[in-house]
Number of protein chains: 2
Amino acid sequence: MRLSDSIETFIKALMTEEETSVELKRNELAEYFGCAPSQINYVLATRFTLDDGYITESRRGGGGYIRIVRVVNSASQQLTYLINERIGQAITEAEAVRLIAQLVERKMITPGEGGIMRAAVSAPALSLPMTDAMKDAQRARSLKAMLTAVVRQARG
Amino acid sequence: MRLSDSIETFIKALMTEEETSVELKRNELAEYFGCAPSQINYVLATRFTLDDGYITESRRGGGGYIRIVRVVNSASQQLTYLINERIGQAITEAEAVRLIAQLVERKMITPGEGGIMRAAVSAPALSLPMTDAMKDAQRARSLKAMLTAVVRQARG
DNA sequence: TGAAAATGGTCAAAGAAAGTCAGAATATCA
DNA sequence: TGATATTCTGACTTTCTTTGACCATTTTCA
């Protein structure tokens with residue numbers, strides 16, 4: 001069995017029905033498996049992505065850590081679809097506004113959250129000297145980042 | 001838990017609803033936590049800044065002290081200050097995160113809204129090929145637009 | 001009044017994690 | 001078997017924390 005698979009299994013074993021998140025020390029885990037610390041990052045990057053239903057957070061420095069949170073529910077799966085398929089590399093303001101309105105209507109986000117998201121992708125928020133294409137690209141990144149935050153909230 | 005976090009928690013525990021300020025002796029506190037006195041300054045500098053909603057004053061010499069005062073502004077005053085004065089033309093991610101955290105703490109926005117705002121000013125949301133200065137400028141516009149939305153919602 | 005004592009402040013350097021990325025090693029597959 | 005994809009490693013980077021030596025200010029008291 002591959003090292004990566006062992007590490008993946010090990011981490012998943014730490015998460016039960018109840019326990020939807022684990023916190024670990026990168027160096028300790030690497031030590032335990034006798035591998036390079038960066039191997040842990042590889043495992044996270046290939047097996048604990050949002051697509052896989054996980055979100056990771058971390059902190060450097062003294063007392064640093066890596067936290068892995070499992071997020072599996074229908075709402076987060078729909079959002080993951082939007083993030084990966086629907087939005088793509090660029091999106092116009094009109095499209096974004098429509099998408100946000102739908103999310104509010106389906107109660108996946110509150111009206112307040114919708115208002116903030118609309119503001120973030122609005123023209124005033126993107127008034128730097130950029131081409132329209134760049135603005136659409138920036139809007140897509142912003143929107144995807146915000147939706148990821150919603151997934152995080154949905155069970156974080 | 002990190003020493004800095006313990007000290008932060010300790011100080012915050014001394015401030016209640018009505019008690020908006022604490023006065024302490026740097027050396028005593030350092031003694032209590034068994035650390036270097038300058039560690040206290042580090043905690044103040046990283047967790048009790050104006051962006052965090054605190055003002056600190058101190059005096060040296062015999063009978064010296066450090067006083068930490070929690071700033072109390074009305075919600076609308078705070079938002080106006082942030083939009084018109086604090087944020088300006090550019091802001092770093094770390095600074096933005098603090099301002100947002102404070103809004104959540106003061107219940108001016110929900111944790112969900114805070115998470116979305118944080119995402120909108122985060123590095124992944126601004127990963128287009130821009131210089132750091134441009135990112136800080138973009139972040140400022142985005143944040144101000146979102147805060148303006150919050151102001152609008154408070155009224156409407 | 002002026003030196004000593006009592007505080008707090010600053011800053012640079014060391015320490016403690018985690019992140020990145022290119023390239024080597026290994027596995028898979030046509 | 002050779003090409004391609006995946007896995008692993010190590011050197012280097014970035015971020016956050018902690019300490020200690022030296023500095024500045026205020027009070028005390030001979």
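## Contact between chains A and B

In this predicted model, 26 residues of chain B are in contact with 28 residues of chain A (contact: C-beta atoms, placed from the backbone, within 7 Å). On the chain B side, α6 and α7 (132-155) each supply at least two residues; helices are DSSP runs of H or I with at least four residues, strands are runs of E with at least two, and both are numbered from the N terminus. The largest share, 11 residues, comes from α7(B).

By class, this side of chain B has 13 nonpolar, 9 polar and 4 charged residues. Ala, Val, Leu, Ile, Met, Phe, Trp, Tyr, Cys and Pro count as nonpolar, Asp, Glu, Lys and Arg as charged, and the others, Gly among them, as polar.

## Surface near DNA strand C

Of the 26 residues around DNA strand C, A:R26, A:G64, B:S38, B:R60 and B:G64 come nearest (near: C-beta atom, placed from the backbone, within 6 Å). In chain A and in chain B, α2 (26-33), α3 (37-47) and β3 (65-70) each supply at least two residues of this surface. Its residues divide into 4 nonpolar, 16 polar and 6 charged.

## Basis

Residues are numbered from 1 along each chain as its sequence is written, and chains are lettered from A and ligands numbered from 1 in the order in which they are written. The model is predicted: local features need pLDDT of at least 70, side-chain atom pairs count only at pLDDT 80 or more, and totals for chains, interfaces and linings use all residues.

Definitions and conventions. Contact = placed C-beta atoms within 7 Å.
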